[in-house]
Amino acid sequence: MRRERNVPRVVLVPPLRVEERSSTGAHRTSDPVLGEALRFIRANACLGVGVDAVRSHLGVSRRTLEGVFQRGLGRSPYREILRVRFDRAVDLLLTSDRKLDDVARRSGFSRVSHFSAAFRKRYGCPPGAYRSRARQRQTR
């Protein structure tokens, strides 16, 4: 009898996210101002601090801080703060059932409306839809 071969089918499933450890988030830099700024942002961005708090913590002018970030990372301190906040928001959306206003607050956003609009601009969909799509992918 003739049998068809059972060829194993390879299914590639992309990860929903990458779990970042604190050492992963560390940015190696020879600039001590940038290094301290990044540590401060990682520790405080979700508490609602802004660029002025970073500048004040470091004791440098805003112009100096902006220059350090542009040279070292190619983005502004504000963009780095947003990056950290969005990373936290995505983590909360994917790992909890918290309401959006709680996710926004815990991510450092003062208003859920601002959070939702910024999230949509960055990810192309509202946070609730992002969570739903991620859960649908998990069940497939």
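Contact here means heavy atoms within 4.5 Å, and helices (H or I, at least four residues) are DSSP runs numbered from the N terminus. The model is predicted, so that local features need pLDDT of at least 70 and side-chain atom pairs count only at pLDDT 80 or more, while totals for chains, interfaces and linings use all residues. Residues are numbered from 1 along each chain as its sequence is written, and side-chain values use heavy atoms, with hydrogens and water left out.

In the pairing of H2 (residues 32-44) with H5 (residues 77-95), Leu38, Ile41 and Arg42 of H2 meet Pro77, Glu80, Ile81 and Val84 of H5. On the H7 side, Arg83, Phe86, Ala89, Val90 and Leu93 of H5 meet Phe115, Ala118, Phe119, Arg122 and Tyr123 of H7. Axes are lines fitted to C-alpha atoms, for helices over the stretch in contact, and angles run from 0 to 180 degrees between N-to-C directions.

| Pair | Angle | Axes |
|---|---|---|
| H2 and H5 | roughly 40 degrees | within 9 Å |
| H5 and H7 | about 95 degrees | 12 Å apart |

Angles under 35 degrees count as roughly parallel, over 145 as roughly antiparallel, 65 to 115 as roughly perpendicular and the rest as oblique. H2 and H5 are therefore oblique to each other, whereas H5 and H7 are therefore roughly perpendicular.

Tyr78, Arg79, Leu82, Phe86, His114, Ala118, Lys121 and Arg122 line the second largest pocket, a pocket being an open set of points on a 1 Å grid over the protein atoms alone, where a 1.4 Å probe fits, with protein on both sides within 12 Å along at least five of seven lines, and lining residues having an atom within 4 Å of a point. H5 and H7 (112-123) are the elements that give two or more residues to this lining.
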